Amino acid sequence: VVGHDHCVDTLVHRAASELGTGAEISSMDTVPFCLWSAARHLDDFEEAMWTTVAGLGDRDTTCAIVGGIVALSAQKPIPPAWKKARERLYLAMDALF
């Protein structure tokens, strides 16, 4: 029996392979995987980020896209430790996140 984590990793890598993850530096190679990853975890910011980074490729771009989508819809908030470690946002943005 294959463990759950292995199945998830295989699914992410297959999606990344099929949809692209920004290696070609184009929206057609970046956005489809981002939408797939965001759609899988619209309610969980942290899981969305871990799934997206597991796809490899242009991780800073894909995570920025997915993070922007999921941050506005997730029921589970951005982990407090992550918020504390991030770059400082402008004052008006701090109130939102």
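Tutor: At 30% relative accessibility, L19 counts as partly exposed, a class that lies between buried (under 20% relative accessible area) and exposed (over 50%), computed with a 1.4 Å probe on protein chains only. The model is predicted, so local features need pLDDT of at least 70 and side-chain atom pairs count only at pLDDT 80 or more, while totals for chains, interfaces and linings use all residues. Residues are numbered from 1 along each chain as its sequence is written, and side-chain values use heavy atoms, with hydrogens and water left out.

L19 belongs to helix α1, residues 4–19; helices are DSSP runs of H or I with at least four residues, numbered from the N terminus. Leaving aside residues up to four places away in sequence, L19 touches M28, D29, P32, F33 and W36, where contact means heavy atoms within 4.5 Å.

T51 lies in helix α3, residues 45–54, and is buried, with a relative accessible area of 6%.

Helix α3 packs against helix α4 (residues 59–71) at an angle of about 155 degrees, with the axes 9 Å apart; each axis is a line fitted to C-alpha atoms over the stretch in contact, and angles run from 0 to 180 degrees between N-to-C directions. That makes α3 roughly antiparallel to α4, the term for angles over 145 degrees. The crossing is right-handed, meaning that the near helix is turned clockwise from the far one by less than a right angle. From α3, F45, A48, M49, T52 and V53 meet R59, T62, C63, V66, G67, V70 and A71 of α4. The residues of this contact comprise 8 nonpolar, 3 polar and 1 charged; Ala, Val, Leu, Ile, Met, Phe, Trp, Tyr, Cys and Pro count as nonpolar, Asp, Glu, Lys and Arg as charged, and the others, Gly among them, as polar.

One member of that contact, C63, is buried at 18% relative accessible area, and C34 is buried at 0%. The closest cysteine sulfur to that of C34 is in C63, 8.2 Å away and therefore too far for a bond. With a disulfide defined as a pair of cysteine sulfur atoms within 2.5 Å, the count comes to 0 disulfides.

Terms used. Helices (H or I, at least four residues) and strands (E, at least two) are DSSP runs, numbered from the N terminus. Angles under 35 degrees count as roughly parallel, over 145 as roughly antiparallel, 65 to 115 as roughly perpendicular and the rest as oblique.
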